[in-house]
Amino acid sequence: MTMRDAALEAPSSDRNRNPGEDGIWIFVGGDLSIFALFFVVFLYYRGLDLELFNQSREALSIPLGLLNTLILLTSSWFLASAIEDMREGHFERAPKLLVGSIVLGLGFVLVKYFEYSEKISNGITLVTNDFYMYYYILTGIHLFHLIIGLGVLLFLLKKSRDLSAWGRNSATLFESGAIYWHMVDLLWIFIFPLLYLLR
């Protein structure tokens, strides 16, 4: 029996279970709730000074925001593909896909660095006005989550290189890491239109 056959013959109870640890879902639910509160507060204060928020938004680069959206979506696809390969017993290709996911994550950080640098060099900081206070807070907290996620991906990359079989323990570990990374992606999908596109 090949590794692929062994992977495909996993017990049905494993195939039908919820992905990842229960704890990761509790964490994700709590984190998304906190961000949802941030979004509501942002929209409330935006409604109080719509002109200021719209004028300030015009200084943001939609192409850079869109680029970072595409980067994270592609990174999540690489990660999902890596896990699918491991489920099917293709352990040799998964580390390469994880490396791709990590490189794209670093690309997001690089784009955000240039975006922050350009704003700061033009005198736009956290205290410029209410819009930029929320811009730096929301994107900064998201960036912090992403950097933690890169640490998680590096850990999964190390584990993937040592993996010779796919079982319940490895499935739970990799799925939990992927759930966190997909949460980071999902948060940006909300942050991007909220800050860069909303008129």
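Author: In this predicted model, the accessible surface of the protein chain comes to about 10,500 Å², and 67% of that surface belongs to carbon and sulfur atoms.

Reader: What makes up the secondary structure of the protein chain?

Author: The secondary structure comes to eight helices and zero strands, and the pattern read along the sequence is α-α-α-α-α-α-α-α.

Reader: How many of the residues count as buried?

Author: Of the 199 residues in the protein chain, 44% count as buried. As for contacts with a separation of 6 or more, 80% of them are accounted for by residues 24 or more positions apart.

Reader: Why is Lys119 called buried?

Author: Lys119 is found in helix α6, which covers residues 94–121. Its relative accessibility is 1%, and the term buried applies under 20%, so Lys119 counts as buried.

Reader: Which residues is Lys119 in contact with, leaving aside its neighbours within four places in sequence?

Author: Lys119 is in contact with Ala59, Leu60, Ile124, Tyr132, Tyr135 and Tyr136, once those neighbours within four places are left aside.

Reader: Which residues touch the most other members of the largest nonpolar core?

Author: That core has 49 residues, and Phe131, Tyr135 and Leu195 are the ones that touch the most other members. At least two residues of this core are supplied by each of α3 (22–48), α5 (62–87), α6, α7 (130–162) and α8 (168–197), and α8 gives the most, with 14 residues. In soluble globular proteins, nonpolar side chains tend to be buried together.

Reader: What does Phe131 touch, not counting residues up to four places away in sequence?

Author: With those residues not counted, Phe131 touches Phe42, Phe53, Ser56, Arg57, Leu60 and Leu195. Leu195 is also named with Phe131 among the core residues that touch the most other members.

Reader: Which residues make the nonpolar surface patch?

Author: The patch, of about 510 Å², is made by Leu66, Leu70, Leu73, Leu186, Ile189 and Phe190, and α5 and α8 each supply at least two of its residues.

Reader: Why does Leu66 count as partly exposed?

Author: Leu66 lies in helix α5 and has a relative accessibility of 41%. Buried means under 20% and exposed means over 50%, with partly exposed in between, so at 41% Leu66 counts as partly exposed.

Key. Residues are numbered from 1 along each chain as its sequence is written. This is a predicted model: local features need pLDDT of at least 70, side-chain atom pairs count only at pLDDT 80 or more; totals for chains, interfaces and linings use all residues. Side-chain values use heavy atoms; hydrogens and water are left out. Helices (H or I, at least four residues) and strands (E, at least two) are DSSP runs, numbered from the N terminus. Buried means under 20% relative accessible area, exposed over 50%, partly exposed in between (1.4 Å probe, protein chains only). Contact means heavy atoms within 4.5 Å. Accessible areas come from the Shrake-Rupley method with a 1.4 Å probe; for residues, only the protein chains shown count as cover. A nonpolar core is a set of buried Ala, Val, Leu, Ile, Met, Phe, Trp, Tyr and Cys residues joined through side-chain atoms within 4.5 Å. Patches are made of residues with over 30% relative accessible area and no salt bridge: like charges are joined within 9 Å, nonpolar side chains (Val, Leu, Ile, Met, Phe, Trp, Tyr) within 5 Å. A salt bridge is a side-chain nitrogen of Lys or Arg within 4 Å of a carboxyl oxygen of Asp or Glu.
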